[in-house]
Amino acid sequence: MKPREKKIYLRETTDISLLEEKSEYSFTNILPLRHINIIDRDIYFNRIYENQKKGKIQLQKMLDEVKKVTFSKDELIHWFYKVKDDAVNEAHHIMIRHEASSGGDDSDIDFERIGLLTGIYEEAEKFISIMIAIEPIDKNSPHYSILDELELIDKEFIESDNIPGFYNVQSHPKYKLRKFQVKNLHEDWYSELDKYKDSEHISEEFGNIERLLDRYHNDFTWSMYKIKPRGDIKSYLEFHYNSFKKDKYLFVNHIEYRILPQLENFTRTDHKLYEKLIYEWINEKREKLNNEEKDFLLNSITSVCLTFLDNVFEYKKAQSENKYNIILRDFLKHRINNRKWSIKDQSMGGTTDPKAESNTSGIAFRDLIIENEDGNHLSAIECLRIKSIPKDESSDTIIKEHLVKIFRNEPIGISPLFVISYCETKSFEDTWNKYLNYITQIDFGQYQHLSLETEIGIEEYSNLKVAKMNHYRSLKNIEVYHLFINMNP
């Protein structure tokens with residue numbers, strides 16, 4: 001009986017486990033996607049396999065030489081990436097020359113050289129995986145909740161047969177492709193499934209419908225990269241943004257946290273240029289308020305805090321911070337109603353015990369979310385009681401957590417944001433100064449503070465303090481106003 005032939009698995013060039021066992025006969029495709037099926041079993045074993053192994057040995061020899069002139073880990077990682085880029089570019093040029101030759105037969109392709117380049121690429125990729133695996137976590141990575149939400153949308157699109165969902169797609173491959181539309185890939189996908197379903201040379205993910213969604217993401221990113229002049233990239237993003245049927249902030253997060261990192265695979269050394277351009281568009285989408293509206297919001301919140309102070313002795317009888325918050329919310333509703341804005345509670349759930357609160361340095365309660373008539377978030381207010389200021393972050397279990405939380409709860413990067421603190425100490429001025437000093441020492445992670453302003457052009461009050469802290473996130477300045485109410489005037 002003829003022995004069963006081994007399948008060749010074409011690994012995608014994505015992050016893989018360092019402990020995952022690799023098949024001796026695995027092969028990373030570094031050719032353009034349109035040529036992914038050109039390598040059959042005979043070509044692999046007769047023309048690529050041995051040269052693939054030689055390529056890995058050659059990379060080791062190159063590494064021995066480069067170590068003599070590199071002085072840091074970063075330099076070495078940069079060199080590995082350069083080697084990978086060179087291998088991919090040369091492999092692409094081999095195929096381009098073949099396509100340009102009239103009447104060229106596939107057997108004339110230099111598969112031996114492609115095998116060598118593949119081995120070099122795979123060995124460089126292995127070293128990068130090892131070196132990056134021990135790097136600290138990227139502080140600029142999105143909060144896990146953002147990716148969870150995007151992946152949930154992916155699942156909805158797949159289950160409702162609404163792939164690709166995120167983009168405006170050509171209705172049928174035979175219809176004319178409108179400007180900025182993404183090409184319809186469905187027909188090619190199902191044609192490939194039918195053609196190669198019985199083939200031995202298929203990927204482990206063959207037939208997984210999630211890969212079709214990935215193809216649309218890749219095609220969207222590649223099409224954006226090819227746009228000239230580059231200024232039209234904003235129009236391209238706007239076209240698909242307007243076509244997106246779900247909450248618009250999801251599309252903005254999709255572009256920032258999934259498409260932009262993917263774009264770097266194409267832009268390489270020009271990535272900073274593209275990044276700046278795309279972040280200009282992202283920030284335009286997230287800038288919900290003009291300057292007049294921002295001033296109105298600041299003045300409104302300041303005003304309701306002063307109104308609260310007028311009856312603070314009466315409100316204190318409630319001994320519940322949630323009731324303080326409800327009072328502020330109702331005051332603010334009346335102030336912003338003529339703008340067709342609304343305010344709602346973003347409850348964290350549960351109840352609080354006033355007796356238990358008395359021993360806590362800072363107690364947070366539910367956020368207030370301000371929305372426009374379309375339901376889009378304009379701003380958020382985080383409120384907490386202050387009974388003391390910790391000496392440093394290590395002894396703080398409340399204040400830092402809730403100052404950071406206001407960013408996490410507004411992942412689309414809206415500005416301005418507000419933090420209202422009910423100061424219950426007996427020394428209001430002293431506590432305010434300690435508070436200002438403390439918040440400048442807090443590590444805000446990916447929302448690091450740039451500056452703190454205590455003179456912001458509004459009237460000063462003896463029992464209400466206001467300061468503005470500027471934070472930096474993804475080329476955007478986010479303003480956070482800190483309002484401090486004296487509960488013992």
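Two cavities of 30 Å³ or more turn up in this predicted model. A cavity here is a set of points, on a 1 Å grid over the protein atoms alone, where a 1.4 Å probe fits but cannot get out. The points are joined across faces, edges and corners, and a volume is the space filled by probe spheres set on them.

I will talk about the second largest cavity, which holds about 30 Å³ of space. What lines it? Leu-403, Ile-406, Phe-407, Val-419, Phe-444, Met-469, His-471, Val-480 and His-482 do, a lining residue being one with an atom within 4 Å of a point. Helix H14 (399-408), strand E8 (464-473) and strand E9 (476-486) each give two or more residues to that lining. H14 has the largest share, at three residues. Helices (H or I, at least four residues) and strands (E, at least two) are DSSP runs numbered from the N terminus. By class, the lining has seven nonpolar residues, two polar and no charged. Nonpolar covers Ala, Val, Leu, Ile, Met, Phe, Trp, Tyr, Cys and Pro; charged covers Asp, Glu, Lys and Arg; the others, Gly among them, are polar.

A word on ground rules. Residues are numbered from 1 along each chain as its sequence is written.

Now the chain as a whole. It has 15 helices and nine strands. Of its 489 residues, 46% are buried, meaning under 20% relative accessible area, with exposed over 50% and partly exposed in between (1.4 Å probe, protein chains only). Take the contacts (heavy atoms within 4.5 Å) between residues at least 6 apart in sequence: 68% of these join residues at least 24 apart.

How confident is the predictor? Mean pLDDT, the predictor's confidence in each residue from 0 to 100, is 80 for the chain, and 82% of residues reach 70 or more. Residues 1-20 fall below 50, yet this stretch has 43 contacts in the model beyond near neighbours in sequence. Residues 135-139 also stay under 50, with three contacts beyond four places in sequence. Where pLDDT is low, the predicted coordinates should not be read in detail.

Most residues other than glycine have a negative phi, and most peptide bonds are trans. The bond from Ile-163 to Pro-164 is cis, with omega near 10°, and Pro-164 sits in the loop between helix H4 (144-159) and helix H5 (186-196). That loop between H4 and H5 also holds Asp-161, whose phi is positive at about 55° although it is not a glycine. Asp-161 counts as exposed because its relative accessible area is 65%.

Pro-416 is in the loop between H14 and strand E6 (417-423). Lys-340 has a positive phi near 65°, and lies in the loop between helix H12 (321-336) and E3. Is Lys-340 buried or exposed? With a relative accessible area of 56%, Lys-340 is exposed.

Last, Gln-60, in helix H1 (residues 41-66). Its relative accessibility is 31%, so Gln-60 counts as partly exposed. Not counting residues up to four places away in sequence, Gln-60 touches Glu-123, Lys-126 and Phe-127.

Conventions:
Predicted model: local features only at pLDDT ≥ 70, side-chain atom pairs only at ≥ 80, totals over all residues. Heavy atoms only, no water. 1 Å grid on protein atoms, 1.4 Å probe; cavity = no way out; pocket = protein on both sides within 12 Å on 5 of 7 lines; lining within 4 Å.
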